[in-house]
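Please have a look at the model below before reading on.

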Amino acid sequence: QQEADECVRLRLQSGAEVLARSVIITVSLGVLKNQGIEFCPSLPEEKLRSVKRMGIGQVEKLLFEYDDEQWRILDELKIAHVELYANGNTSSLASNPLRSCHSLYRSTGTNYLLQWIVTPEECQRVSAVRDDEALIDALVELMQQYTKEPARVPRARRLVRSSWTSNTLFLGSYSFLAAGAEISDIDALAAPVGCQLLFAGEATSP
């Protein structure tokens with residue numbers, strides 16, 4: 001809330017209030033699109049139009065951890081480091097949440113196998129699976145489709161994953177110029193409101 005004396009009043013979720021001369025807003029475009037912050041008075045119409053026109057992508061990362069011996073087996077089976085699974089929608093995988101996953105490769109210098117989830121449908125499907133162990137089992141099943149020795153496919157020790165799609169502090173991953181948006185929309189999003197509200201962050205940079 002912008003005060004008449006040119007201060008900004010911040011009302012936090014806890015109910016506490018903070019007064020500041022100015023505020024730098026760096027929340028994601030997804031938060032702005034979903035009105036995760038209430039502005040009083042409202043943001044200028046030009047900025048609101050740009051928020052509406054710009055797009056926010058949905059991308060997730062899954063990191064499956066293996067030990068050195070498991071990596072030796074993966075290398076022997078040749079079922080990592082390549083684009084194997086983009087067309088994994090076979091009937092045998094119909095219920096597998098990773099059935100249409102994309103690139104699967106070792107994260108440089110680590111024991112993690114990185115998988116990108118790159119469409120809204122896939123992100124929603126994978127995010128709905130709360131049990132990490134179920135996703136680890138799904139990856140084993142998927143890998144078994146691409147080797148003549150399915151019994152040798154190792155099971156990852158654990159899973160680390162992002163939650164950008166569902167996390168209320170993000171509600172998406174990367175911004176982009178959607179159909180109908182222009183570079184000027186990025187400039188409008190980055191423009192300050194008076195001297196009190198300053199905007200920064202990924203979506204404000206061309």
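Predicted model: local features only at pLDDT ≥ 70, side-chain atom pairs only at ≥ 80, totals over all residues.

1. Strand 1 (residues 8-11) runs antiparallel to strand 2 (residues 17-20), and 4 bridges link the two. Strands count as paired if DSSP finds at least two bridges between them.

2. Residues are numbered from 1 along each chain as its sequence is written, and side-chain values use heavy atoms, with hydrogens and water left out.

3. The loop between helix 1 (29-33) and helix 2 (45-53) contains Pro-41. The peptide bond joining Cys-40 and Pro-41 is cis, with omega about 0°. Gln-35 is found in the loop between helix 1 and helix 2. Gln-35 is not a glycine, yet its phi is positive, about 55°. Gln-35 is exposed, at a relative accessible area of 68%. Here exposed means over 50% relative accessible area, buried under 20%, and partly exposed in between (1.4 Å probe, protein chains only).

4. Leu-171 also deserves a look: its phi is near 55°, a positive value in a residue other than glycine. Leu-171 sits in the loop between strand 8 (158-161) and strand 9 (175-176). Leu-171 is partly exposed, with a relative accessible area of 24%.

5. Overall, the protein has 6 helices and 10 strands. These are DSSP runs numbered from the N terminus: helices are H or I of at least four residues, strands E of at least two. The radius of gyration is 22 Å, well over the 17 Å that the globule rule gives for 206 residues, so the protein is more spread out than a compact globule. That radius is taken over C-alpha atoms, and the rule is 2.2 Å times the number of residues to the power 0.38. Along the principal axes, the C-alpha atoms fill a box of roughly 70 × 40 × 30 Å.

6. Of the 206 residues, 38% are buried. Among contacts (heavy atoms within 4.5 Å) with a separation of 6 or more, 66% are between residues 24 or more positions apart.
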